[in-house]
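Welcome! Keep the sequence and the model side by side, and try each exercise before you read its solution.

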Amino acid sequence: MSMYGREAVIENADIAIVGGGMVGLSQALLLAGELPGARIVLFESLAFAADEAALLQPSFDARSTALSAATAELLQLMNVWSPLAQRAQPIKRVHVSDRGHVGATDYCDSDNHGKPLGYVIENRCFGYYLSQAVLRCDNITVIAPACVTAIRPKVLGAELQFECEGERKSLNVQLVIIGDGMASPLRSQLGIGVESHDYQQVAVIANLEFELPHNGQAFERFTEAGPLAVLPLPPEAAVSAGGSRRAALVWTQASKSLAEIQSCTDQHFIQQLHHAFGFRLGNCTRVGERHSYPLKMVFAKEQVRSSIVLIGNAAHFLHPVAGQGFNLAIRDCAQLAAVLSQAVQNNQPLGDLTVLQRYLKLQALDQQATASISHAFIRVFTHPNIGVKLGRNLSLLGLGLSDTLKGEFFAQMMGQSLPRAKVNWSALGTYN
């Protein structure tokens with residue numbers, strides 16, 4: 001059996017996490033710090049890479065993730081931010097505009113007491129440092145590559161059945177945390193349905209290089225097809241004369257337009273990009289490989305059961321307009337870790353349904369508010385009615401006249417003013 005950890009054979013554990021993506025790794029680190037006496041097992045379908053270049057995890061592809069300032073603070077408490085900060089691009093300015101209209105506004109670090117508005121980091125780099133931190137934890141055993149084929153609920157806890165290198169194994173745990181993606185085979189196997197809204201859109205993503213340095217600027221451009229985001233990326237080399245010109249593109253398109261967007265030449269793609277985005281960073285000089293994924297809002301009808309919790313995209317998947325998917329997921333993870341820590345102090349089983357329902361009650365408002373704001377932005381900024389168009393442009397123009405309103409608008413866009421349960425993050429400690 002291919003394992004990374006301190007035990008050659010393991011048949012029982014306290015917590016099992018299924019899925020070694022960024023959310024699963026973050027959850028493992030939070031639990032390892034909060035519950036140092038707990039035995040945690042992390043299952044991942046692909047082998048952990050020995051170095052960053054060899055990473056195989058599909059979620060560590062060409063995509064990048066926008067981290068809120070609050071998420072960066074939480075990663076700092078987890079003792080993983082120091083190496084990440086060297087590879088993350090601080091966002092110093094966010095510019096929002098509506099294509100074909102005069103409405104526009106921006107928000108700068110000077111409006112935020114000189115602090116970055118957030119950060120952008122490539123998933124491949126992010127995943128590498130998280131996985132290395134997990135491998136250093138004494139109370140985490142990683143089983144990879146492995147496939148969890150079934151979860152059998154028991155009176156107290158659950159039994160996991162999994163396959164690793166052709167062998168069939170089982171593991172008994174108090175709690176199973178499922179983070180195996182939006183399609184989540186285990187969620188389906190357990191008979192947990194989803195509520196879904198299909199936007200009839202796809203997100204086209206690619207890395208870009210521009211003629212001019214971005215200077216930490218991020219752009220959110222609302223077009224007829226949907227929002228177009230250009231996010232600043234750090235330079236490929238440690239030193240870049242004149243500043244980085246690299247950026248990550250997240251371009252919303254109607255699903256029916258995907259074939260044309262994916263099959264056109266790079267030159268034609270760049271022409272279409274300039275038609276939608278303009279020349280705010282000069283000419284686009286290079287475009288990387290294009291990827292795409294369908295855009296839906298998906299919520300699991302049950303996020304908790306006795307001894308079972310869904311996290312990440314298995315629990316909820318949002319439109320990327322405000323870039324809050326991962327930021328919401330890591331807040332879920334921190335809340336779950338805090339609730340489980342309190343359960344241990346109260347001598348309650350980790351998989352006790354009342355414990356897990358308390359976690360969900362604490363996070364429900366945060367999840368609903370984040371989803372509602374994301375959905376509202378899409379409806380307002382893609383609505384064809386001329387009255388709605390006029391209203392949103394007047395609103396964007398009016399934001400420039402009120403620092404208070406502008407601050408609240410961008411705080412909502414970046415997930416900083418959403419109502420959520422108050423968690424004393426400092427109580428989570430600094431992990432070694």
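The exercises below go from the whole protein to a sheet, a helix and single residues.

Before you start, note that this is a predicted model, in which local features need pLDDT of at least 70 and side-chain atom pairs count only at pLDDT 80 or more, while totals for chains, interfaces and linings use all residues. Residues are numbered from 1 along each chain as its sequence is written, and side-chain values use heavy atoms, with hydrogens and water left out.

**Exercise 1. The whole protein**

Find how many helices and strands the protein has, and what share of its residues count as buried.

Step 1. Helices (H or I, at least four residues) and strands (E, at least two) are DSSP runs, numbered from the N terminus. There are 11 helices and 22 strands.

Step 2. Buried means under 20% relative accessible area, exposed over 50%, and partly exposed in between (1.4 Å probe, protein chains only). Of the 432 residues, 53% count as buried.

Step 3. A contact means heavy atoms within 4.5 Å. Take the contacts between residues at least 6 apart in sequence: 74% of them join residues at least 24 apart.

**Exercise 2. A sheet with three strands**

Work out the order of the strands in the open sheet that holds β4, β5 and β8.

Step 1. Two strands pair if DSSP finds at least two bridges between them. The order is β4-β8-β5, with antiparallel pairing.

Step 2. β4 (64–68) and β5 (89–91) are the edge strands, each pairing on one side only.

Step 3. On average, neighbouring strands here are turned by 30° against each other, direction ignored; axes are lines fitted to C-alpha atoms, for helices over the stretch in contact, and angles run from 0 to 180 degrees between N-to-C directions.

Step 4. Five bridges join β4 to β8 (residues 118–122) in the antiparallel sense. In β8, I121 is the bridge partner of T65.

**Exercise 3. Two single residues**

Is A203 buried or exposed, and which residues does D14 contact?

Step 1. A203 sits in strand β14 (residues 194–210). With a relative accessible area of 0%, A203 is buried.

Step 2. Not counting residues up to four places away in sequence, A203 touches V250, W251, H291, S292, Y293 and L295.

Step 3. D14 lies in the loop between β1 (3–4) and β2 (15–18), and its 11% relative accessibility counts as buried.

Step 4. Beyond four places in sequence, D14 is in contact with G37, A38, R39, V173, Q174, L175 and L350. A polar atom of the D14 side chain lies 2.7 Å from the backbone nitrogen of R39.

Technical notes. A polar contact is a pair of N or O atoms within 3.5 Å; within protein, one must be able to donate a hydrogen and the other to accept it, and residues adjacent in sequence count only if both atoms are side-chain atoms.
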